[in-house]
Each structure stands twice: as structure tokens, then as C-alpha cells.
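The following exercises concern a pair of chains and are to be worked with the structure in view. Each task is followed by a solution in steps.

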Amino acid sequence: MKTLADLRKIREKAQHDMKLRNSGSRIKIVVGMGTSGIAMGAREVMKTLLNEIATRHIVDVIVSQTGEKGLSSMEPVIDVIEEGKETITYGNVNPEKAKRIIAEHIVNGQPVTDYIISRD
Amino acid sequence: MQDLSLHLLDVLENSARAGASLIQIIISADEKSNILSFKITDNGSGMNAETLSSAQNPFYTSKASRKKKVGLGIPLFKQNAELCEGSFSMKSELGEGTVIEVTFQINHIDRMPVGSLADTIISSVIGHSETDYYLHILHNTQDQTFDYEFDTRLLREELGDIPLTYPDVMQYIDQVINNGVKNTKMGEI
């Protein structure tokens with residue numbers, strides 16, 4: 001059973017980690033978690049993204065949630081926002097696609113063109 | 001929505017979008033009185049009387065104004081509660097926050113399953129990592145009581161400037177919430 005004391009150990013490790021990298025987050029992934037996104041399975045997508053990021057120990061990516069963006073027919077929708085690059089929006093995402101986006105786009109820097117619905 | 005945990009996530013998203021810095025969630029199931037209740041209290045921007053009443057009607061959204069966006073989510077949750085002889089109440093004050101309380105008859109044939117409360121809480125806590133969440137689950141069966149509390153403020157005290165989104169912290173949160181929720185046996189009602 002995990003206790004708050006475990007967090008202290010994590011804190012030490014994380015502080016060391018952050019010092020080595022000396023940078024904040026490189027990429028922000030935003031999951032559309034409005035009513036229609038939720039109804040279409042956005043929570044499972046979120047869960048997959050978090051699991052992938054945690055198990056791969058990716059420290060410079062933040063995943064957050066936002067509301068509806070008027071793309072209801074293509075939910076679940078996620079945005080990948082990277083400084084100095086165009087924002088890429090993926091549509092009809094499911095856990096399998098989310099895994100591929102993490103592996104190819106986030107880790108290897110190659111957007112998964114098959115799932116892109118908009119770039120701006 | 002397929003289950004109550006997804007409705008809960010929808011309500012929590014509204015609270016986060018209303019700019020709440022603290023969202024309190026109390027879920028209680030009392031099998032003797034046959035009542036399952038969800039109470040969500042936030043300190044977000046709140047709503048005036050007009051918006052409050054519109055938010056409970058289908059097809060209303062304040063999206064155009066971008067102040068607070070409420071769509072079909074609230075009316076659907078309300079309808080599901082009323083469908084199984086439960087109740088729905090939403091109180092709000094501009095600048096103060098919003099309180100939503102929804103009850104269900106546990107044994108009603110039309111009551112949706114609870115679903116994964118853990119997935120909903122984890123998703124919200126990590127997806128809005130600057131917001132604080134307090135969760136309290138209380139489950140009384142015919143002869144036992146299960147109680148679980150989770151509070152991000154306590155985590156932050158230990159973590160200092162390390163964010164909740166740090167991978168090991170996410171794994172920690174995932175494990176404690178999954179264990180905690182499982183031990184309340186809420187999934188079995």
C-alpha cells in the first residue's frame with residue numbers, strides 16, 4: 001500500500017531529474033473532455049495517454065483536458081501543442097490510436113498523418 | 001453516457017472550466033436507505049439565476065459568451081436521476097461557486113451502473129493538475145462501513161514544486177485512487 005512517505009522519495013528523484021533537464025514541458029497534449037467527448041470515449045483515451053507517459057517516463061509532456069470545440073462528429077479529439085510548431089489535431093481517437101500517437105509523434109517527432117483532422 | 005462515473009466526469013469538467021481552485025466530491029451509498037448520492041461543490045465562477053435555470057434545460061449553452069459552458073450534460077444527468085425516482089439540485093452564486101447534488105435509488109431498475117469512479121477522478125486530477133480535488137467516498141452496506149478520502153492538497157505538501165503530472169506522481173495517484181476506490185466496494189452496488 002502506497003503512503004504519503006512514498007511521495008517524498010518521488011520528490012527527491014524528480015528534483016534530480018528536473019535539474020538534469022533544466023527545462024519545462026516541451027509538448028502539451030489537450031484532450032477534448034466535453035460532454036460529447038466523454039460520451040464517445042475520451043476518458044479511455046486520457047487513461048491511455050497517462051499510462052503511456054508514465055510507463056515511458058516522459059517528463060516533458062503535460063496532458064490536460066478542455067471542453068467542446070465544435071468537432072463533435074470527430075470525438076474523441078486531441079490537440080498536440082508544441083512551441084514553434086503548428087498545432088496538430090487528431091480526431092476519432094481511441095486507445096490504440098493514442099498509443100501510436102505517443103510512440104510516433106511524441107517520442108519520435110513524426111505526426112501520425114492518418115489520424116490528423118486539422119493543422120494550424 | 002453509459003454510467004454514472006461518466007456523468008460525474010462531465011460535472012467535474014464544468015467545475016474546472018468555471019475556474020475552480022478546489023473541487024469537493026462526496027459520494028455516498030447507503031444500502032439501508034437505498035440512496036446513492038453525489039455532491040460536487042466547487043469554488044468556481046458560479047452562475048446567476050438565469051444561467052442556473054437555463055443550464056438545466058436541454059439545448060442551452062453559454063458557449064457564445066464563453067463565460068460558462070453548459071450543454072446537454074446537466075439535463076441528461078438530471079433526467080437519469082429523475083428516471084429512477086432520485087433527485088437533482090443545483091445551487092449557484094455568481095463569484096461564489098456551484099453545488100450540485102444528485103441522488104438515485106440504488107435498487108431502481110433504471111439506475112445506471114456506477115462505472116469507474118477511479119478513472120473519472122484520475123482523469124480530472126491529472127487533466128487539471130493546478131486544481132485541488134477532495135474526494136470522500138462513504139459506503140454503508142447492511143452491516144459494514146467503507147470510507148475513503150483523497151486530497152490533492154496533502155499530496156502537494158509532500159511534493160513541493162514537483163507537479164502532479166510528473167510520471168512517478170501520476171503512477172502514485174493512479175495506484176492510491178484505484179486501491180482506495182476498490183476498497184469501498186462501490187463497484188458492487
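**Exercise 1. Determine how many residues of chain B are in contact with chain A, and which elements of chain B supply them.**

Solution. The model is a predicted one. Step one is the count: 33 residues of chain B are in contact with 31 residues of chain A. Step two is the origin of these residues: helix H1 (4-17), H4, H5 and H6 of chain B each contribute at least two residues to the side that touches chain A. The largest share, nine residues, comes from H6(B). Step three is the composition of that side of chain B: 15 nonpolar, eleven polar and seven charged residues.

**Exercise 2. Explain why the buried residues of helix H5(B) lie on the same side.**

Solution. First, identify the buried residues in H5 (residues 152-159) of chain B: B:Thr152, B:Leu155 and B:Leu159. Because they span an arc of only 55° around the axis, they fall on the same side of H5(B). On the other side, B:Arg153 and B:Glu157 are exposed. Next, find the partners: the buried residues pack against helix H1 (4-21) of chain A, and against H4, S5, S6 and H6 of chain B. After H5(B) comes B:Gly160, with a positive phi near 60°.

**Exercise 3. Describe the sheet of chain B and state which strands form its edges.**

Solution. The sheet is open, with six strands in the order S3-S4-S2-S1-S5-S6 and mixed pairing. Strands S3 (87-93) and S6 of chain B are the edges, since each pairs on one side only. Within the sheet, S1(B) and S5(B) run parallel and are joined by nine bridges; B:Ile27 stands opposite B:Ile137 in S5(B).

Key. Residues are numbered from 1 along each chain as its sequence is written. Chains are lettered from A and ligands numbered from 1 in the order in which they are written. This is a predicted model: local features need pLDDT of at least 70, side-chain atom pairs count only at pLDDT 80 or more; totals for chains, interfaces and linings use all residues. A residue is buried if 20 or more other C-beta atoms lie within 10 Å of its own, exposed if 12 or fewer, and partly exposed in between; C-beta atoms are placed from the backbone. Helices (H or I, at least four residues) and strands (E, at least two) are DSSP runs, numbered from the N terminus. The arc is that of the directions from the helix axis to the C-beta atoms. Two residues are in contact if their C-beta atoms, placed from the backbone, lie within 7 Å. Ala, Val, Leu, Ile, Met, Phe, Trp, Tyr, Cys and Pro count as nonpolar, Asp, Glu, Lys and Arg as charged, and the others, Gly among them, as polar. Two strands pair if DSSP finds at least two bridges between them.
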